[in-house]
Structures are given as structure tokens and as C-alpha cells.
Amino acid sequence: MIILNDKQVEQTLGLVGKAAQCVMRYYQSSLNITHKSDGSPVTIADMESSQCLEAGLAEIANYPVLSEENLPASNAWLDWPVYWLIDPIDGTKGFINQTDDFCICIALIYHHRPVFGLIYSPVAQRAWLADSSRGVLQCDQAGVVSLKQSAPTAPFRVAISADNPSDKMRQLLSVLGDYDCYRRGSALKFIDLVTGRAAIYPKMWDTSEWDSAAGHCILEAVGGEVLDFKTAQPLQYGRRQSLINPHFLAHSGISSENVMQLIAQYGLMLSANAER
Ligand SMILES: Nc1ncnc2c1ncn2[C@@H]1O[C@H](COP(=O)(O)O)[C@@H](OP(=O)(O)O)[C@H]1O
Ligand SMILES: [Mg+2]
């Protein structure tokens, strides 16, 4: 197991603060937006944040860095036992639309599992980080607080993406009875699961491994899970040529019975679609 020492964690926090300063120089200004092959937007702020993080992380711990904005030409990650996996701005749409829902995600992957995760909100100037020895720490100017799993209150609060359609989601959640949905962009939805604002975050649309890795690590550190909807096993990283995640169910503090109901319902929806 790889564990970052206190100095490396402090340096990583300093670095993410520096990347956030790069990003905030462009927030609420007019930006030239280009689109990638999956249709997602990218700006100069994504690129500058990536350059800042890539250079800094390699100095903090000299592992390869896999960034959303700088992918290796080949599938080099298949041979890496340990590497940094970063999303220089997660929720670029929220950044462009000035919703405040965007963040910087940094994960350290060791043998296909996220062993360190850090999510930073440049607007709130707050970081959440986790690993197996520290649990989850929330760090901001007021200080450092250790977060524990908070019990969800009824009805279940469900965090969903800002722009994924609702009909499929309603069908999935129908097995829960009473629930209450809200929309929010970016990996900050994982933080909502940690703080108890949400109990469930289902993702039935494509995301990439850098979108989930840091949040996955932070959520697991308070006892939550990020499960592949098809296998009911935790997501894994860097195992396949494709970096697209399977559809997943992230949750915290709900019963295993509810988890199995949601996974079974996903399976039924999948078979019904295949039959059409
Ligand atoms: N078709 C697709 N393939 C891969 N990733 C996708 C995708 N559509 C959306 N995403 C990713 O999902 C993220 C947004 O998720 P959410 O809607 O939950 O906030 C975006 O992250 P970025 O903003 O980092 O590009 C985007 O990359
Ligand atoms: Mg992203």
C-alpha cells in the first residue's frame, strides 16, 4: 500500500491551491470554448490547471500523471502499478455557466484502487482529502476537521447530474418509495454523500475514470461505496483500454437491502432495453 506522508499531503494541498488560482483567474470572464470528441467543453483554464498539477505532482511523488487534458498516446496506464489520476477542472460546464459547481480532482491509483483522493472547490476554497490512515479531512482557512459518515434522513436525498435526463432516473428510483432529487454538476456530488446532504448518487451515463477516482476514495473512507451497477463490485481504475467508467451507484449510509434493490432495478431496466 502507498501512503503519502504529511509533507507530501501538505505539498499536494499547496499545489491544488495554486491550480485553483490559475482557474479562478478565468472564472466569470469571457472564454474561448472548444469541444472534445465526447462533446464535453474545454477551456484555457482546464489546460493551465492541468499543466500546473502535472508539473507539481511529479515533484511531490514521482509517479506517472494521467490527466484528462493530457492523455498518453498509447494505453500506457495498463502498465502502471501506481499513478496520479487528475481532472484539472471537473464540471467544466458549471465553470463556464458560472454555477460555482466545479472542482479540481486528484487521485492516486495503486493496483487499480484509489488510495488517496483530494477534491478542491476553488469557489468555497475548501479541500476534502482522504486515505486509509487519515480518514476524511475537510481543510479550509478555518482549519482541519475530520468528517465521519452521517446518517441519511428520510426521505432519501438523491444527487443527480445537472444535465442527465430524468425519465430513466425516475424508473430506477421507483423501487425506493419516498425520495427527493436535486441536481448538481461535478464530483462535488461525492462530497454531498460524505456530508449527508445526499444518500445516493446514481450515474447511468458515461463518465471517465478521472471523474470518479478522487470522490470514490473520499466516499469509501467514510464507509460509503461506489459500485458498478452491473457487477455490484467497487469501480476499478486503469484495468482497461477504455477510461470510460461503467454506470455506477455511489451511496453512503443506506441499507444493503436498498443497494440491492437499486442494482436489481438497473438490471431489469437493462434487460427491458435489450429486448426492445
Ligand atoms: N459521453 C461522455 N463520455 C465521457 N465522459 C462524459 C461524457 N459526458 C459527460 N462526461 C463527463 O461527466 C462529467 C460531468 O459529470 P456531471 O454531469 O455529473 O457533473 C464531465 O466532466 P468534466 O467537466 O471534467 O469534463 C464529463 O467529462
Ligand atoms: Mg470531469
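The text that follows covers the metal site, the ligand site and a set of individual residues.

This is a predicted model: local features need pLDDT of at least 70, side-chain atom pairs count only at pLDDT 80 or more, and totals for chains, interfaces and linings use all residues. Residues are numbered from 1 along each chain as its sequence is written, chains are lettered from A and ligands numbered from 1 in the order in which they are written, and side-chain values use heavy atoms, with hydrogens and water left out.

## Metal site

Which residues hold the magnesium ion (ligand 2)? Its protein donors are Asp87 (OD), Asp90 (OD) and Asp211 (OD), at 1.8 to 2.2 Å. Donors here are N, O and S atoms within 2.8 Å of the metal (3.2 Å for Na, K and Ca); water is not among the atoms, so sites may look incomplete. Along the sequence the donor residues follow the spacing D-x2-D-x120-D. Asp90 belongs to strand S4 (residues 82-90) and Asp211 to helix H6 (residues 209-220), so this pair ties together parts that are 121 residues apart in sequence. Helices (H or I, at least four residues) and strands (E, at least two) are DSSP runs, numbered from the N terminus. Asp90 is buried, at 7% relative accessible area. Buried means under 20% relative accessible area, exposed over 50%, and partly exposed in between (1.4 Å probe, protein chains only).

## Ligand site

Ligand 1 sits in the largest pocket. A pocket is defined on a 1 Å grid over the protein atoms alone, as an open set of points where a 1.4 Å probe fits, with protein on both sides within 12 Å along at least five of seven lines. A molecule sits in it if more than half of its atoms lie within 2 Å of its grid points.

The shell around ligand 1 holds 19 residues, the closest being Gly91, Ser161, Ser186, Lys189 and Lys203. A residue counts as near if one of its heavy atoms lies within 4 Å. S4 gives the largest share of this shell, three residues. S4 and strand S12 (200-203) each supply at least two.

The side chain of Asp87 places an N or O atom 2.8 Å from an oxygen atom of ligand 1. A polar side-chain atom of Asp211 is 3.2 Å from an oxygen atom of ligand 1. Thr92 takes part through its backbone, with an N or O atom 2.8 Å from a ligand 1 oxygen. On its own, ligand 1 has 570 Å² of accessible area, and the protein covers 81% of it. Accessible areas come from the Shrake-Rupley method with a 1.4 Å probe.

## Side-chain contacts

A polar contact is a pair of N or O atoms within 3.5 Å; within protein, one must be able to donate a hydrogen and the other to accept it, and residues adjacent in sequence count only if both atoms are side-chain atoms. Ser67 lies in strand S3 (residues 65-67). Is Ser67 buried or exposed? Ser67 is buried, with a relative accessible area of 0%. Its side chain makes a polar contact with the side chain of Ser50 at 2.7 Å. Asn258 is part of helix H7 (residues 256-275). Asn258 is buried too, at 14%. The Asn258 side chain contacts that of Gln261, a polar pair at 2.9 Å.

## Loops and backbone

Two residues have a positive phi without being glycine. Gln98 has phi near 60 degrees, and Asp100 about 75 degrees. Gln98 lies in the loop between helix H3 (92-96) and strand S5 (103-110). Asp100 also lies in the loop between H3 and S5.

Pro81 lies in the loop between S3 and S4. Pro122 lies in the loop between strand S6 (113-121) and strand S7 (126-131). Relative accessible areas for these loop residues are tabulated here.

| Residue | Relative accessible area | Class |
|---|---|---|
| Gln98 | 39% | partly exposed |
| Asp100 | 33% | partly exposed |
| Pro81 | 41% | partly exposed |
| Pro122 | 4% | buried |

## C-alpha separations

Pro122 and Cys103 are 19 residues apart along the chain, with C-alpha atoms 6.5 Å apart. Pro81 and Tyr63 are 18 residues apart, with a C-alpha separation of 9.5 Å. Leu227, in strand S13 (residues 225-228), is buried at 4% relative accessibility. Leu227 and Leu53 are 174 residues apart in sequence and 28 Å apart in space, C-alpha to C-alpha.

Technical notes: On a 1 Å grid over the protein atoms alone, a cavity is a set of points where a 1.4 Å probe fits but cannot get out, and a pocket is an open set with protein on both sides within 12 Å along at least five of seven lines; lining residues have an atom within 4 Å of a point.
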